Amino acid sequence: MIASPNTHIKVCCISSKAEAQMAIDYGASALGLVGNMPSGPGVISDELIQKIANITPPSIATFLLTSETKASDIVEHHRRVKTNTIQIVDALAEGGYHDIREAIPGIKLVQVIHVIDERSVEEAIHVAEHVDVVLLDSGNPNLAVKELGGTGRVHNWDLSKLIREEINIPLFLAGGLNHTNVREAIDYVQPYGVDLCSGVRTNGKLDQKKLGAFFQAITK
């Protein structure tokens, strides 16, 4: 077992109870459980998300990644899985964050901002007034088939750093992080936490050697 570093680590795309336990054993403070998505890795059934959430210690955050864009649909998705955190990977099209909070008191809300250009900075500043955490990722929701994360690509950290300096809530950094670049990313952007998926996987499966290397890179 590796002690948890100061930087919070969310291991995403968890696909089984065994992967969840491995991530927890290495010191993950959060697990990402991916619901139905138009594209990207790690999608599992709502039934499995609920099972993993049920066996995860309360001290570990369980993030439901939902691509729903209506507040009412997000609430319904959460009721099927009962995680302690909701990660909204697309922009709300109907309803507001207050509607979700009223329906699910005490829930933590995380909004993904796909860092594309300077407009992403404005979006993040606006959203930060309504959620608990902003998560910066690579992707493009403007494509015909929305790209909502899990790309394995690094985005412009200059924009990420600017967003971190302009908001007053915790920020997670995602997008192409692995053991070779995560220390640089943390030193430059100084996020509250980092979020990883493809960088610690081999053939889609959580790779213990890569996971260990990632945590060691952070704790140096």
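**Ground rules.** I am working with a predicted model, where local features need pLDDT of at least 70, side-chain atom pairs count only at pLDDT 80 or more, and totals for chains, interfaces and linings use all residues. Residues are numbered from 1 along each chain as its sequence is written, and side-chain values use heavy atoms, with hydrogens and water left out.

**Cysteines.** I looked for disulfides (cysteine sulfur atoms within 2.5 Å) and found one. Cys13 pairs with Cys197, the sulfur atoms being 2.1 Å apart. I read the S-S torsion as about -115°, so this disulfide is left-handed. Both Cys13 and Cys197 are buried, where buried means under 20% relative accessible area, exposed over 50% and partly exposed in between (1.4 Å probe, protein chains only). What about Cys12? Its closest cysteine sulfur, in Cys13, is 4.3 Å away, too far for a bond.

**Helix α8.** I took helices (H or I, at least four residues) and strands (E, at least two) as DSSP runs, numbered from the N terminus. The buried residues of α8 are Leu211, Gly212, Phe214, Phe215, Ala217 and Ile218.

**Glu94.** I found Glu94 in the loop between β4 (85–88) and α4 (97–103). Glu94 is partly exposed because its relative accessibility is 45%. Leaving out residues up to four places away in sequence, Glu94 touches Thr69, Lys70 and Ala71, with contact meaning heavy atoms within 4.5 Å.
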